[in-house]
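Q: Hi, could you walk me through this one? I'd like to ask things as they come to mind.
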Amino acid sequence: MVAPTAKEKKMGALSRRAALALGLGTAAALAADPARATPGEADEAIGKFTGGKAAEPGPITIDLPEIAENGTAVPLTVTVESPMTASDRITDVLVVADGNPNPRVATFRFTPMSGRAEVATRIRLNATENVIVVARTGDGRFFTARKEVKVTIGGCGG
Amino acid sequence: MAEKPRIKVPKEAKKGEVVEIKTLLAHPMESGLRKDDAGALVPRKIINRFTCEFNGALAFACELEPAIAANPYFQFTVRLEESGTFRFTWIDDDGTAIMADETITVA
Amino acid sequence: MRRAALVTIFVAGITLGPGVRPSNVAAQSAAVPLALDGEASARPWHRYHEWPQRDSAKFNTLAMLASPPAPTQPRKVAGSVAGNSALGAKLAADRSRGGSCLACHVMGPAGDADLPGNLGPDLSQIGNAGLGDETLFNFVYDARVYNADTLMPPWGTHGIFDDQEIGHLVAFLKTLKAPAPFKSDLDDPAKRPPPVENRDNLDSMLNPAMWAVDDKAPALWTEAGPKGAACASCHRDPARAFKTWAAGMPRWEPRLEKVMGIEEFVTRHARATTGHAWPIESAENGALAVYLRFLANGSTIAVDQESAPAKAAYARGEALAHRKVGQLNFACLDCHDAGRGAGKWIRGQWLAQLRGALDHYPTWRTSLQATWDVRKRFQWCQVAVWADELPPDAKEYGDLELYVTAQSNGLKLNVPGIRH
């Protein structure tokens, strides 16, 4: 057993050890992460978009950083290869982030006036997670692709 | 509070040419998950829909969720056959619509 | 009175011009009106309410010494240290406890080996190093008894971990006998690629800090204050007049007997000439601070290092950059000196060296969705190492800003930046 120090630590009503056992941290930690979505919630959002139809791997490019410096405004570009003619085009694209409290990120509608089936935006990511893209074609088929983004962990903490 | 939307549209384009458009609106996109200093949840208040119309027809639309970052930014493309006016519309959860118009000459 | 001041400015504009040479310190500063009374920021200074409100009065700041002295001898440990290695693993990964260990060390499976740092050595096989319990205990309690120059926070002496917790950590350290199970090269700080900053920081579609340049500052420039004048009353062509001005700041101000940065200059000069009240960290001050530097973008940073007061301020700033502050006991140079922490990782954050640090301030902070000036950056660095910050216009921060900016002499201004 280590010889105790003469110093007395005032811990307040909850001893530090008790607080640790309960999984409580600083106020900053308490105010932080809302719960991640369950894997089922991401699938549910995708199922609503596809009406239960299967989505095959397809010509979708997801441009995201391998490591995001933080989850506040991560740049995302989604490109679906398509001639975008009247008979062969993409109509809608769903973006889902499977680790966010609400996995739906956005739904994009492309029209006969669209140039490419491509959109760039900036998204919020709760933590390291997968960004999943599902695209619908004009004749009702679905393609999908996914990419994992690591959201970096800051150095100093709270 | 209302900052003018920032929009980049070329002044001219050729018929059928792919034209790139960039739009940005200053908006906090309050997710509804953030807590204030007292520990209370700040209510959700986001832009939930963005549309780009050209000469009255829909060119591009987006349904936004709280996972779209603050100051929502969209870069997308159109192909045009005639000159005219773009109308960009952002719809806030509280029902207000922010609109901005840009013209383009297509030859 | 005002006309005399205007005449003085006009004369100064002819004799000195926008590219003021640093050796004309006294002549230059005497010409420009400054409100010399009062402070340039709120008093008493209250920490920003969204920052951790920890009180660190018992530890060093850049303005005063208060930390307990380092022990001279290791503490004696009889026999082995009692502890629960599972609790130790949790403590090692607990970011609310000043890091903790994973901020600087790779530690085997702790924290799922998810982006540990490498400011300190890899401890994944420390259990095989043959170090006794007493050595391990004292390394955590206060490593200064073994190495006076250590970067290790004095977890015990400074009261961050108590003896039982250090016991848990020692128990955990003794289990570390195999390399860390990294899921990918991104997690391994030895293989992780340093971040490359290639964003177009002057693109208003990407960097909201540019809105100060586009809209906010030009509007403030023509807004008349209580004295009836606006900036534009004397400075009708700011783009020409301030083409290089910002590159010579901060500078020694003899009337205030301190180094004055651009933010404090805006407060005192605006008050003296227009009557506007634009304290440091106000939105107006921030917008103008960005604008005045933006106008000098591309000019070469040339902080005075010739005059006697500047040399003295530089020496003070250098000493402050070496001072250990806060409960975590870090000096600026511990993280930002090329020979110590610069180029290494604290958790997933890469540490930059001082050269190149201030050429892009103020900067947009993507993590906070806010523009930060250099004084707020200094204040956060203090709070992050569990030290009390000073008011933004503290003279110590002026000395530090002069020292740190001088490390970027020769680089070109590129403001506003955009960073995490």
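Q: What share of the residues in chain B is buried?
A: This is a predicted model, and in it buried residues make up 32% of the 107 residues in chain B.

Q: And what are the spans of its C-alpha trace along the principal axes?
A: For chain B, the C-alpha trace spans about 60 × 20 × 20 Å along those axes.

Q: OK, moving on to where A and B meet. How many residues are in contact there?
A: On one side there are 27 residues of chain A, and they are in contact with 26 residues of chain B.
Q: Which elements of chain A give two or more residues to that side?
A: Those elements are strand E6 (104–110) and strand E7 (117–123) of chain A, and E6(A) gives the most to the side that touches chain B, with 7 residues.

Q: What classes of residue are on that side of chain A?
A: The side of chain A that touches chain B has 13 nonpolar residues, together with 8 polar and 6 charged ones.

Q: Is the pairing of E6(A) with the strand from chain B parallel or antiparallel?
A: E6(A) pairs with strand E5 (residues 57–64) of chain B in the antiparallel sense, over 5 bridges. Within this pairing you can look for Ala106(A), which stands opposite Leu64(B) in E5(B).

Q: Staying with chain A, where does Thr79(A) lie?
A: Thr79(A) lies in strand E4 (residues 74–80) of chain A.

Q: What does Thr79(A) touch, leaving out residues up to four places away in sequence?
A: Thr79(A) touches Thr61(A), Arg116(A), Ala117(A) and Glu118(A). As for Ala68(A), which is 11 residues apart from Thr79(A) along the chain, the C-alpha atoms of the two are separated by 20 Å.

Q: New topic: chain C. In what order do the 3 strands of its open sheet come?
A: The order is E6-E5-E7 in chain C, and the pairing in this open sheet is mixed.
Q: Why is one side of E6 and of E7 left without a neighbour?
A: Strand E6 (370–372) and strand E7 (417–419) of chain C stand at the edges and each has a single partner strand, so one side of each has no neighbour in the sheet. On average, neighbouring strands of this sheet are turned by 35 degrees against each other, with direction ignored.

Q: How many bridges join E5 to E7 there?
A: Strand E5 (residues 363–365) of chain C is joined to E7(C) by 3 bridges, and the two run parallel. Here Thr363(C) stands opposite Gly417(C) in E7(C).

Q: Last one, which domains does chain C have?
A: The domain assignment gives domain 1 (1–67 + 200–420) and domain 2 (85–173) of chain C, with 37 Å between their centres, taken over C-alpha atoms. Their contact takes 13 residues from domain 1 of chain C and 14 residues from domain 2 of chain C.

Terms used
Residues are numbered from 1 along each chain as its sequence is written. Chains are lettered from A and ligands numbered from 1 in the order in which they are written. This is a predicted model: local features need pLDDT of at least 70, side-chain atom pairs count only at pLDDT 80 or more; totals for chains, interfaces and linings use all residues. Two residues are in contact if their C-beta atoms, placed from the backbone, lie within 7 Å. Helices (H or I, at least four residues) and strands (E, at least two) are DSSP runs, numbered from the N terminus. Ala, Val, Leu, Ile, Met, Phe, Trp, Tyr, Cys and Pro count as nonpolar, Asp, Glu, Lys and Arg as charged, and the others, Gly among them, as polar. Two strands pair if DSSP finds at least two bridges between them. A residue is buried if 20 or more other C-beta atoms lie within 10 Å of its own, exposed if 12 or fewer, and partly exposed in between; C-beta atoms are placed from the backbone. Axes are lines fitted to C-alpha atoms, for helices over the stretch in contact, and angles run from 0 to 180 degrees between N-to-C directions. Domain bounds come from an automatic or database domain assignment.
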